[in-house]
Amino acid sequence: MGERRRIVQTRSLEERMAEQANILKERASQLPAGAEREGLLKRARVVETGSHLSDWLTSPGLQPPK
């Protein structure tokens, strides 16, 4: 069995997701209205939602269920 490659992330997940959302929005802004543009905008919203969920889950105010 081969050795597992390790990748050390230099930026947080939230930063990487925000950058991906911005890239998707920029690409969508260059397209005419249509299905492809809507698909890119939908993916950007999904990535932003994931980023917000990650922020929420790692927030210090989040309490475990009792």
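## Two helices side by side

Let's start with a pair of helices: α1, made of residues 13-29, and α2, made of residues 35-57, have axes that come within 8 Å and cross at roughly 165°. Because angles over 145 degrees count as roughly antiparallel, that crossing makes α1 roughly antiparallel to α2. The crossing of α1 past α2 is left-handed. Keep in mind as you look around that this is a predicted model.

If you are new to this kind of description, here is a handy idea. Two packed helices are described by the angle between their axes and the distance between the axes.

## Where the helices meet

Which residues of α1 meet α2? On the α1 side they are Leu-13, Glu-14, Met-17, Gln-20, Ala-21, Leu-24, Lys-25, Arg-27 and Ala-28. Their partners in α2 are Arg-37, Leu-40, Leu-41, Arg-43, Ala-44, Val-47, Glu-48, Gly-50, Ser-51, Ser-54 and Asp-55. Sorted by class, the contact of α1 with α2 has 9 nonpolar, 4 polar and 7 charged residues.

Is Ser-54 buried or exposed? Its relative accessibility is 13%, so Ser-54 counts as buried. Leaving out neighbours within four places in sequence, Ser-54 is in contact with Leu-13 and Glu-14. With Glu-14 there is also a polar contact, side chain to side chain, at 2.4 Å.

Ser-51 is another residue of helix α2. Ser-51 has a relative accessibility of 9% and therefore counts as buried. Which residues does Ser-51 touch, not counting those up to four places away in sequence? The answer is Glu-14 and Met-17. Glu-14, then, is a contact of Ser-51 and a contact of Ser-54.

## A glycine in α2

Gly-50 also lies in helix α2. At 22% relative accessibility, Gly-50 counts as partly exposed, because buried means under 20%. Now compare sequence with space: Gly-50 and Glu-15 are 35 residues apart in sequence, while their C-alpha atoms are 11 Å apart.

## Lys-25 and Ser-29 in α1

Over in helix α1 you will find Lys-25. Lys-25 has a relative accessible area of 36%, so this residue is partly exposed. Setting aside residues up to four places away in sequence, Lys-25 touches Ala-44 and Glu-48. How far apart are Lys-25 and Arg-37 in space, C-alpha to C-alpha? The distance is 8.9 Å, and the two are 12 residues apart in sequence.

Ser-29 has its place in helix α1 too. With a relative accessible area of 46%, Ser-29 is partly exposed. A polar atom of the Ser-29 side chain lies 2.7 Å from the backbone oxygen of Glu-26. From Ser-29 to Gly-39 there are 10 residues in sequence and 12 Å in space, C-alpha to C-alpha.

## The loop between the helices

Finally, look at Leu-31, which sits in the loop between α1 and α2. Leu-31 counts as partly exposed, at 23% relative accessibility. Which residues are in contact with Leu-31, once neighbours within four places in sequence are left aside? They are Glu-36, Arg-37 and Leu-40. Two of these, Arg-37 and Leu-40, are also among the α2 residues that meet α1.

Conventions:
Residues are numbered from 1 along each chain as its sequence is written. This is a predicted model: local features need pLDDT of at least 70, side-chain atom pairs count only at pLDDT 80 or more; totals for chains, interfaces and linings use all residues. Side-chain values use heavy atoms; hydrogens and water are left out. Axes are lines fitted to C-alpha atoms, for helices over the stretch in contact, and angles run from 0 to 180 degrees between N-to-C directions. Helices (H or I, at least four residues) and strands (E, at least two) are DSSP runs, numbered from the N terminus. Angles under 35 degrees count as roughly parallel, over 145 as roughly antiparallel, 65 to 115 as roughly perpendicular and the rest as oblique. A crossing is left-handed if the near helix is turned anticlockwise from the far one by less than a right angle, and right-handed if clockwise. Contact means heavy atoms within 4.5 Å. Ala, Val, Leu, Ile, Met, Phe, Trp, Tyr, Cys and Pro count as nonpolar, Asp, Glu, Lys and Arg as charged, and the others, Gly among them, as polar. Buried means under 20% relative accessible area, exposed over 50%, partly exposed in between (1.4 Å probe, protein chains only). A polar contact is a pair of N or O atoms within 3.5 Å; within protein, one must be able to donate a hydrogen and the other to accept it, and residues adjacent in sequence count only if both atoms are side-chain atoms.
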